Amino acid sequence: MAFQSNNALVRWIDHRLPIFTFMNAELNEYPTPRNLSYMWNFGSLAGIVLVIMIATGILMAMQYTPHIDHAFDSVERIMRDVNSGWLLRYVHMNGAHFFFIVVYLHILRGLYYGSYKAPREILWMIGVVILLLMMATAFMGYVLPWGQMSFWGATVITNLFSAIPFIGPDIVVWLWGGFSVENPTLNRFFALHYLLPFVIVGMVFLHLWALHRFGSNNPLGIDAKGPQDKIPFHPYYTTKDLFGLGVFLLVFCAVVFFAPNYMGHPENYIQANPLVTPPHIVPEWYFLPFYAILRAITFDIGIPFTGIVLIDAKLGGVIAMFGAIAVLFVLPWLDRSPVRSGRFRPVFKQFFWLLLVALVVLGYMGAMPAEQPYVAISQIATAYYFAYFIVILPLLSILERPKPLPASISEPVLKGGGSVAGATAKPMEKP
Amino acid sequence: MADSADVQHGVEDQSKRDFLYLAAGAVGAVGVAAAVWPMINSLNPSADVLALASIDVDLSPIAVGQSITVTWRGKPVFIRHRTEEEIAEAQAVPLEDLIDIQSDDERVEQPQWLVMVGVCTHLGCIPLGQNPNDNKGEFGGWFCPCHGSHYDTSGRIRRGPAPRNLEVPAYTFIDETTITIG
């Protein structure tokens, strides 16, 4: 239905810039599957967290000094002297943790319900780009307070690039702007940490654009057969998203006000010292599974029995870690099963939960020292992670026999009230 | 007029246009590259950073068996006055046991002085072993706690994920007890 307004000014503007028509179509009438569960709340939550992060971040940037001699103190000043500075910083700091919590749940939802499958491949791939941007932003943000973990995390992660054959060491010097993590490094990380969130905003727009092309996937994973399978976004899902936001904010505020440093590391309240490495360097929890994959490759890969090394352990670890994300880009072409939802894939479902176990195990191993038995366990879990995407999903696409799919989205809900194509002209039934 | 000329010389014009198209594109690409390079290069170490690239160190206060750490280019440099046992141990290691093959002689100017960048070649942590009560690893040299790399008394990698021996910086003895690093 075309957008109508009684307000003359709105009509005048909309005729010249149809922004009201656009918002009405995409946020109000936007037809959405009627059966979305609470697992579909995390996309909008992630968007809200992004806004919170940008708002608190800009305000803190006005108080922060990106210089190695002043950064640590300026953060302490924010905590002690700036009006509500402690709140801004704790919201921003824990906001990063919660951003990853909601985004990881959002991704797992997509993995389980096959949201990456046709026709949503590009939607999925933009999501992976957003994840990568988030990781880069979070990493550089963590460096800014210039604590011990900031400094040594930056050192370890930038040194990953030295594993690139031939040009690696030059690339690292270029990244640092010096011969170690130093003031030029801190300066450019601050500039990029400010820039990247706006790149994320741009990617989120593309993500939503691609989403609204075909609309949300749903727990049944089948396409809507007609208007009876969909309901308008407002008020149904605006309300549901707002309720989810309320629950989220309760948990978020509980952490911000009562355990703000629970997910942080005490070592980062010690100012960076380039001459002393902390006894145990651990990344933030959201990087732990990938860190465990990095450390799981402790062997060289070469031509057997010749002693020729093609990929040494260091490069192998780096390739595996980046590969763990890169494999997500091609996921839509690895899982060829035409059935989207895990509900109707009895074998897939078990491997999926095993993947979740592997990720939790990897997260735990990432926080342990690089010793046995942790390394061996990490290797098994890493092997399963890659096998899930590269071997199990392609094989299941051929071998698995899915359960029968329901005829339509509304059929299980309305007990036959909806019907298959042919009756699509029937208006949505009112209760 | 122009239209009819185009029709008559269609084939010639097509190849001429392709040429102009490619030539203009190539010049444009070179121009963009020339404009982008200064931007990329601005991120490389600046003149003031490079100016701090060499230091002098007085070795005379360091007793046998002692180590000191100095800062060079923002990185720690380990200087160890090695004991006779450590030198003998480092020289006795068969080369085929090494991951990154290098004899002890190649790593020192004078055998009692071991000078090297104290940065693990794995991912850049500072190995332990400079203080007497540090964990020196299984080969009596240095041990990197981050990912478990063991270095021997010559700073060579013996076990763990690090691919190379601890780097020996360029340095020269300017007199008996003073070196210039860098």
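The legends below describe several close-up views of a predicted model.

Residues are numbered from 1 along each chain as its sequence is written, while chains are lettered from A and ligands numbered from 1 in the order in which they are written. Because the model is predicted, local features need a pLDDT of at least 70 and side-chain atom pairs count only at pLDDT 80 or more, whereas totals for chains, interfaces and linings use all residues, and side-chain values use heavy atoms, with hydrogens and water left out.

**View 1. Confidence along chain B.** The predictor's confidence in each residue is given as pLDDT, on a scale from 0 to 100, and chain B averages 85, with 94% of the residues scoring at least 70. Helices (H or I, at least four residues) and strands (E, at least two) are DSSP runs, numbered from the N terminus. Within chain B, confidence is lowest in helix α1 (residues 2-8), where the mean is 53, and highest in strand β4 (residues 113-117), where it is 91. Where pLDDT is low, the predicted coordinates should not be read in detail. The model scores an ipTM of 0.70 and a pTM of 0.85.

**View 2. The open sheet β2-β3-β4 of chain B.** Three strands of chain B form this open sheet in the order β2-β3-β4, with antiparallel pairing; two strands count as paired if DSSP finds at least two bridges between them. Strands β2 (67-72) and β4 of chain B stand at the edges with a single partner strand each, so one side of each is left without a neighbour in the sheet. From one strand to the next the twist averages 20 degrees, where axes are lines fitted to C-alpha atoms (for helices, over the stretch in contact) and angles between N-to-C directions run from 0 to 180 degrees. Strand β3 (residues 75-81) of chain B runs antiparallel to β4(B) and is joined to it by five bridges, and B:Val77 stands opposite B:Val117 in β4(B).

**View 3. The open sheet β1-β9-β8 of chain B.** A further open sheet of three strands in chain B has the order β1-β9-β8, again with antiparallel pairing. Here β1 (55-58) and β8 of chain B are at the edges, each with a single partner strand, so one side of each has no neighbour in the sheet. The twist in this sheet averages 30 degrees from one strand to the next. A hairpin connects β8(B) to β9(B) through two residues, and the antiparallel pairing of β8(B) with strand β9 (residues 178-181) of chain B extends over four bridges, with B:Asp175 opposite B:Thr178 in β9(B). Four bridges also join β1(B) to β9(B), which run antiparallel, and B:Asp56 stands opposite B:Thr180 in β9(B).

**View 4. The two faces of β9(B).** In a regular strand the side chains alternate between the two faces of the sheet. Both faces of β9(B) are covered, since B:Thr178 and B:Thr180 on one side and B:Ile179 and B:Ile181 on the other are all buried (buried means under 20% relative accessible area, exposed over 50%, and partly exposed in between, with a 1.4 Å probe and protein chains only).

View 5. Leaving aside neighbours within four places in sequence, B:Asn165 is in contact (heavy atoms within 4.5 Å) with residues including B:Asp100, B:Arg107, B:Thr121 and B:Tyr151.
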